[in-house]
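Okay, everyone, thanks for coming. Let me put the structure up and walk you through some local details.

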Amino acid sequence: MSEKKYISVILPLAVPKVYSYSVPVELWTDIQFGIRVEVPLRNKLYSAIVIAETEKPDTLHKVRDIRSIIDKLPIITKDQFKFWTWMSKYYLSTIGEVMNVAMPAGLKLNSETKLIAREGVDSYKLELDEKEFLLAEAISIQNELSIDQVQEILNQKTVYPIIKSLLDKEILYIKEELKSGFAVKKEDFISFTDQFTEDEQSMHGALDLVKRSEKQTRALLSFLNHGRESIWIAKSIICKEADVGGEVIKAMVKKNIFNIEKQEVSRIGTQELNHEESSELNPDQVEAVKQINQFYKEKDHVLLFGVTGSGKTRVYIELINKCISEGKQVLYLLPEIALTTQIVDRLTKVYSGDIGVYHSKMTNNNRVELWNASLNGKSLIMGARSSLFLPFSNLGLIIIDEEHDSSYKQSEPSPRYNARDAALYLSTITGAKVLMGSATPSLSTYLNAINNKYGLVKLLERHGDSVLPEMKVVDLKEKYKMGLMSSLFSNDLKAAIQKALDQKEQVLLFQNRRGYSPTIKCVQCDFHAGCPNCDVSLTLHQLYEELRCHYCGYKHQLPKSCPQCGHRELDKLGFGTEKIEMEIQKQFPNSVVKRMDYDTAKTKAAYEKIITEFQNGEIDILVGTQMITKGLDFNNISVVGILNADRLLFFPDFNANERAFQLITQVAGRAGRRGKKGQVIIQTFSPMHPVIMETQKYNYKQYYHRELSERKNFLYPPFYRMIRLTIKHKKFPVAEEASKIMASKLQKKLGSRVLGPTIPGISRIRGFYHMQITIKMEKKRTVVEKIKELILEYRDEILNMQGKKSLRFAIDVDP
């Protein structure tokens, strides 16, 4: 029997342990940390990542061989693996779940993967070995093959290296990632043929050949402008500069002036950095940069507390320049994909394209390519929370913009991590500095700053000649009583909108609920349209004449009459962005009104179209959800209207006041930039609510002290830690019984720290009944770790009970 090595690997599965495999002697020299290997598990094949060489496992079952080695070089770093390990322990998930969330789909293969042939590829013209050719031909004939079928065709078990080779050569696609299967991007490049060089005589010869065609002459002169810089130039560059089509280049190829060939190009910028276009810092920004750099001598984490419009991004740019000049990488985190459009446009002007943008909605081509670029030292990467998992080789600075934003928290799937908190831990592994920026910092971050755990730098004046907008609170009770409401709009809001439109200025209207109406009700029998899968009302979407569930996606055509009693009069209760859009158009028929919410801006292209139109002044009134509150910078907004602030204030969550203050302040901050004093009108039935009064007066200090005092008195974060357990099952009695067992076990050990079990506000989602248990605990590491151990122990005990295997546990640390 041949001697073997043994390795530990992780798989992108929710399994509670790492697996051990043996390595045949012929593969010994190629085994190293961080590469992918092909391994069998439960009659399937997976690509797993090697994390260590080990002794022979002490196990009763037979240790299986790996099938093949997929990578020559590691695709993850040791720091990255440390980060994954910490995340799995802190957020009570498995290391496989972290790997699954962290890695692009193009780097995770398994035997259920379907392969299909790329159209227009001639296998005979490519340099393929015998097995590559056999597989390419088989797929071109059958159109689609599974990994199992590939093994049969090639008559061998080890097929991943061959598949990887054909993927790299663009012969195959991965079916389930048709839009995102990784393939190298190629473009047409042109160069002079051998008979034309750059000496004067040969250039005259080339000019003679094109002198009868103005377009060909323009193309040749454009090429000559680049000729001394590069032998090969992208055809697209010449066509754009010379204002000619591809047929012009084709004609010049026929005249033997140019050669043309496809060359590999990056989907991400590769130009050298160029800092020329960034504007001068104002005195406040100069002082802020100075203070931040001073803090970095003693602390790793700094909070930049700057009011909306104070120029935080310009401060970021200065720190990015410094970090890159030291040869280090920068990660610029943004809470939502939506925000990247404007920020990328701005930073591209400064950095000449050397920016990688990474988020979950990108094609897998781009994600894999940016993964590799990060590993190879890409200078600046911007992205949403998933960019935290990239394999940085020399990370020097992490910027967390809008650090307070709830979008940094992942709810599904596990791990349910907060990217801001995880970034702070990542910085301790990599030695990077962290800068958190916000106009409305989270209470936990602010408390750490005033307690001197973080550095605190303030920018309390708007940049340039911009001033903070005037805030006006409208009491809806009084307006309705006096008959001063037109549909959803008070006379104050209508007058402000009219004045703005008369002055050719723009208006932003905010309501944090999409759809036309949250529910419909029969006036005769009180019937409400509910979702069959979730315990929520169906939301009316008038444009599509549909009722939709915003939790599970269920849709139903809008009934003409009551399904219960047949009465034809159905009331549409409440309002969302769609109704506001229709009603404001009736009030101002000559204005251009658009809506920005999840329904109208599902794709990046749709979102960018709305942003561009608004930026160019093609939209007069923009109605939107919280998508419009996040860091967007427009020059011409003079009025912001918040249609109903009460929806934000009276939400059953200990964070409700904090979120309300942040959202109102952030949406108000869109008004009055670039020297114009804007106006913000807040419509509410609760004008004396402390959050409304504090927001109106820009009284940050009073808000933070009041809210922190209440949190401390009632034992809530940031003074106490929390874990929320959600126990789910398709049968309510099973979920209820399991939750009572869990709560009883925990209470015996933890006493009054355990609250529940309770039925949450929405008790059923996607057919699963929910029960919740909340644990509040002291901020002591030993206490927290012990409680986490108990949660996992009792969960496993319950899952092993008769009739409980189909339960689902969702553990949310720091909910």
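So, ring pairs join Phe83, Trp86, Tyr90, Tyr91, Phe389, Tyr417 and Tyr425 into a cluster. Bear in mind throughout that this is a predicted model. One ring of that cluster, Tyr90, also has a lysine on it: Lys788 lies over the face of Tyr90, 3.9 Å from the ring centre. There's another lysine of that kind at Lys17, which lies over the face of Tyr19 at 5.1 Å from the ring centre.

How many aromatic pairs does a search of the whole structure find? The count is 23. Let me take one of them, Phe654 with Tyr716. Their ring centres are 4.9 Å apart and the planes sit at 15 degrees; under 30 degrees counts as stacked, so this pair is stacked. Now look at where the two partners come from. Phe654 is in the loop between helix H20 (646–649) and helix H21 (656–668), while Tyr716 is in the loop between helix H23 (700–713) and strand S32 (721–729), so the pair ties together parts 62 residues apart in sequence. As for burial, Phe654 has a relative accessible area of 18%, and because the cut-off for buried is under 20%, Phe654 is buried. Tyr716, at 26%, counts as partly exposed.

The peptide bond from Glu412 to Pro413 is cis, with omega near -10 degrees. You'll find Pro413 in the loop between strand S16 (395–401) and helix H14 (419–430). Then there's Ser487, not a glycine, yet with a positive phi of about 60 degrees. Ser487 sits in the loop between strand S20 (485–486) and strand S21 (489–490), and its 32% relative accessibility makes it partly exposed.

Next up, helix packing. Let's begin with H1 (residues 78–90) and H2 (residues 95–102). They pack at an angle of about 120 degrees, with axes 8 Å apart. H1 and H2 are therefore oblique to each other, and their crossing is right-handed. Which residues meet there? From H1 we have Phe81, Trp84, Thr85, Met87 and Ser88, and from H2 they meet Ile95, Val98, Met99 and Ala102.

Now for H10 (residues 283–295) and H11 (residues 312–325). Here the angle is about 45 degrees and the axes are 10 Å apart. That makes H10 oblique to H11. The crossing of H10 and H11 is right-handed. On the H10 side, Gln285, Ala288, Val289, Ile292 and Asn293 make the contacts; on the H11 side, the residues they meet are Arg314, Val315, Glu318, Leu319 and Lys322.

Is Gly624 buried or exposed? It's buried, with a relative accessible area of 0%. Gly624 lies in strand S29 (residues 621–624). Leaving out neighbours within four places in sequence, Gly624 is in contact with Leu509, Phe510, Gln511, Thr577 and Met596. Take Gln511 from that list: Gly624 and Gln511 are 113 residues apart in sequence, but C-alpha to C-alpha they are 6.3 Å apart in space.

Gly530, on the other hand, counts as partly exposed, at 42% relative accessibility. Gly530 is in the loop between strand S23 (519–522) and strand S24 (539–541). Not counting residues up to four places away in sequence, Gly530 touches Val536, Ser537 and Leu538.

Over to you for discussion.

How values were computed:
Residues numbered from 1 in each chain as written. Predicted model: local features only at pLDDT ≥ 70, side-chain atom pairs only at ≥ 80, totals over all residues. Heavy atoms only, no water. Phe/Tyr/Trp six-rings, centres within 6.5 Å; stacked < 30°, edge-to-face > 60°. Helix = DSSP H or I, 4+ residues; strand = E, 2+ residues; numbered from the N terminus. Buried < 20%, exposed > 50% of the residue type's maximum accessible area, 1.4 Å probe, protein only. Lys NZ or Arg CZ within 6 Å of the ring centre and 35° of its normal. Axes fitted to C-alpha atoms, helices over the stretch in contact; angles between N-to-C directions. Parallel < 35°, antiparallel > 145°, perpendicular 65-115°, else oblique. Left-handed = near helix turned anticlockwise from the far one by under 90°. Contact = heavy atoms within 4.5 Å.
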